[in-house]
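Here is a friendly briefing to read alongside the coordinates. Please keep the viewer open as you go through the topics below.

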Amino acid sequence: MEKSLCMLPAVLFLGLLTHSAAALINTPAPTKSYALINYTTTTRPTLNWTEAVKGESRDGTTPATAEPDIFTTTVRDKQLDTTDTSKERNKKEKDPRDRKTEDDKSKLDCPPLGLESLRVDDSQIQASSYQRSGLGPHRGRLNIQSGIEDGDLYDGAWCAEYKDRHQWLEVDALHLTLFTGVILQGRNSIWSWDWVETYKVQLSNDSVTWHTSMNGTQEALFEGNQNPETPVLGLLPVPTVARFIRINPQTWYSNGTVCLRAEILGCRVHDPSDIYSAHESGSKDALDFRHHNYKEMRKLMKSVTEECPDITRVYTIGRSYMGLKLYVMEISDNPGKHEIGEPEFRYVAGMHGNEALGRELVLNLMQYMCKEYKKGNQRIVRLVTETRIHLLPSMNPDGYEEAYVKGSELSGWAEGRYSFEGIDLNHNFPDLNNIMWDTKEKAADKSKVPNHYIPIPEYYTKEDAIVAPETRAVISWMQDIPFVLSANLHGGELVVTYPFDCTRDWAPQEDTPTADNAFFRWLASVYASTNLVMANPDRRICHYEEFQSHNNIINGGAWHTVPGSMNDFSYLHTNCFEVTVELSCDKFPHVSELPIEWENNKESLLVYMEQVHRGIKGVVRDKLTKKGIADAIIKVEDHDHDIRSATDGDYWRLLNPGEYKVIVWAVGYFPSMRRCNVGMEPNPTICDFILTKTPIQRLKEIRAKGGKIPQDLQLRLRALRLRKLRASTKAINRRREGQRMRRARSSQAWKA
């Protein structure tokens, strides 16, 4: 997140208050008392934020509890800012004692309460009034998205019923909280324009007696929005401890009404008397939980390779439009080498630059696998030794850098989504779906239409084609390595989608399954059922679509059509099966959310990788030379999607449990058939194939080398010619007999 959001409020709070300097406002006591930090000394010792939250000073003393009064913090030797904009705050000179590293600053930020991430429950949000349930207070969450239709249950903001200055949106933090700021946004709608232009902030301990945030001797007036989507930060002139906070709109867009989406910034104050105080959940894994820009990402990847040099390798597959390298981390017991029979797996994150969680999860996964491998974790050791894993944390580094500058709350819903050229990379791959469907429509024999390795169309390869360099780099990567399984990590929803993403005839929504629909549904279910948030039956929907009824998986086309998606291209142009994982409601979670997001997804990331070992695998070899045969076609009966063997002749065919008739053939070879049984365990069934060259192929090779034709080959060629002669003679005689029968029937009909 941006490092300056809450720096000053946190520093202000760290100052020790004198009893006379603290502006205490007496309020009626609520039913439960809360401990407030009550300083009575007149000196000002240095106090860091961690100690303040724990309620302890450096000398180990615990501040006395007090009645639940609101108090504001003041600092004697530093003049308070009288503006509420972060830009003007940053212009002020800082005391050298307060200068810290970027990492130190990020630790001092007061995080969002969690309206956007849904940590704040609907029951914690109240309002003075609302137009209807679809515009109720529970919809007043930063970046919440509406459905296409206005008037449904899932509209894009809280909207007050009345257009006056007595309207408010209230949030109950449940605990005493140091409130430091508000982020505001207008209504998300394609039909209406509504936003709040100015507002006031009110605070309370009991939701009965309220006090307005003051700017000196006057009530602070905060600047709101000038459009519906851009988030605007308003910092409280004086950070204030309370339990409840209200946003009180004062003016709004003249042609609109009182509508807003919001996030609240605040640091929870420790209360030792609250026995029900919930501890912040996190992770026991010692990983680098923060947002990494391009430079920091490179450092982290380098540190992992230095810690685990025997199983890791970093390589690049190309550059972004702005010249940033697309780095990939390989994890394998033999990095840099494809081992025969070992499947290749990939995770791709950051296709949309502002969907930052996937990037951090992939970086976490690198660290985790390295550390656990060194510890001897047998599950990780087995994955590393039996799988070649490739991790691309940032497919769109240009977009991420743009979003990173503004940070998790202020980057909005779309900033950084596209490449530097404004290209949506998820629509930028060749549309092979319609090429296949159109060819089948026109073909007399549909069984002869290619269902795999569909070539890239000529228009896509022209110099004036609008293809991002990032897309070209990934395509080359996919062509160079025989990937078997992949997942593309996105954000903004909680669902796993599977191909096809593109619908037939450009329908906006339509279930469009592949020939491997059953296995794709299995893959999606594996991730969704082990994700701690998706698997929670009580979770709130993110925006306006309920995926729980689909078990949190859905066909991509049934959700919305995406022509030119990476999932569809991967399936139709290569052997690789790929799904899209929408990881969280919040595209760019605050750094404080990263540990729990890792725990939510850790098991899913691991168990999904293990699915690369389902189905059948083997090597297709030449009978005489015993060498592997590249580009041999592997066809599974009743599965209208073939795959091909890799350069060394090895192949992997993902399949659900069952018995399958598998046919393999290659140019110049007789086909071979086997029955292969796939069990329930995630261990592949070995199905090797030995192919015999046709006599004609052997003859061509011998003649090309100028060698003498062996006698056995001469006899086989002679027998082959005789079989062809007999077959052609039989066909001719059958045709003659058919013509004779037709003439006889015609003659009888004429006589009659």
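This is a predicted model: local features need pLDDT of at least 70, side-chain atom pairs count only at pLDDT 80 or more; totals for chains, interfaces and linings use all residues.

Two strands count as paired if DSSP finds at least two bridges between them.

- Eight strands make up an open sheet with mixed pairing, and their order is β13-β14-β16-β15-β17-β20-β18-β19.
- β13 (312-319) and β19 are the edge strands with a single partner each, so one side of each has no neighbour in the sheet.
- From one strand to the next, the twist averages 20°.

**Helices**

- Helix α14 (residues 566-573) packs on the sheet, where it touches β15 (344-349), β17 (483-490), β18 and β20.
- The direction of α14 makes about 170° with that of β20.
- Helix α11 (residues 469-480) has twelve residues and spans 17 Å from its first C-alpha to its last, close to the 16 Å expected at 1.5 Å a residue.
- Which residues of α11 are buried? They are Glu470, Thr471, Ala473, Val474, Ile475, Trp477 and Met478.

**The annotated glutamate**

- UniProt, in an unreviewed entry, lists Glu582 for "active site".
- Glu582 lies in strand β20, a strand that sits between β17 and β18 in the sheet order.
- Is Glu582 buried or exposed? Its relative accessible area is 9%, under the 20% cut-off, so Glu582 counts as buried.
- Leaving out residues up to four places away in sequence, Glu582 touches His490, Gly491, Gly492, Glu493, Leu494, Val495, Met534 and Trp559.

**Disulfides**

- How many disulfides does a search of the whole structure find? There are five.
- With the bonded cysteines of the protein chain numbered in sequence order, the pairing reads 1-4, 2-3, 5-6, 7-8, 9-10.
- One of the disulfides joins Cys110 to Cys267, with an S to S distance of 1.9 Å.
- The torsion about the S-S bond of Cys110 and Cys267 is about -120°, so this disulfide is left-handed.
- Cys110 is in the loop between α4 (102-108) and β3 (125-127), while Cys267 is in strand β12 (residues 259-268), so the pair ties together parts 157 residues apart in sequence.
- Cys110 and Cys267 are both buried.
- Another disulfide joins Cys542 to Cys585, at 2.0 Å from S to S.
- The link of Cys542 and Cys585 is left-handed, with -70° about the S-S bond.
- This pair links distant parts of the chain, 43 residues apart: Cys542 is in the loop between α12 (517-530) and β19 (553-555), and Cys585 in the loop between β20 (577-582) and α15 (594-610).
- Cys542 and Cys585 are both buried.
- A further disulfide joins Cys676 to Cys687, with 2.2 Å between the sulfurs.
- Cys676 belongs to strand β26 (residues 672-678), and Cys687 lies eleven residues apart from it, in the loop between β27 (685-686) and β28 (689-691).
- Cys676 and Cys687 are both buried.

- Cys502 has a relative accessible area of 0%, so it is buried.
- Cys576 is buried as well, with a relative accessible area of 0%.

Notes: Residues are numbered from 1 along each chain as its sequence is written. Side-chain values use heavy atoms; hydrogens and water are left out. A disulfide is a pair of cysteine sulfur atoms within 2.5 Å. Helices (H or I, at least four residues) and strands (E, at least two) are DSSP runs, numbered from the N terminus. Buried means under 20% relative accessible area, exposed over 50%, partly exposed in between (1.4 Å probe, protein chains only). Axes are lines fitted to C-alpha atoms, for helices over the stretch in contact, and angles run from 0 to 180 degrees between N-to-C directions. Contact means heavy atoms within 4.5 Å. The expected span of a helix is 1.5 Å times one less than its number of residues. UniProt positions are given in the numbering used here, feature names are shortened, and annotations may be inferred rather than shown by experiment.
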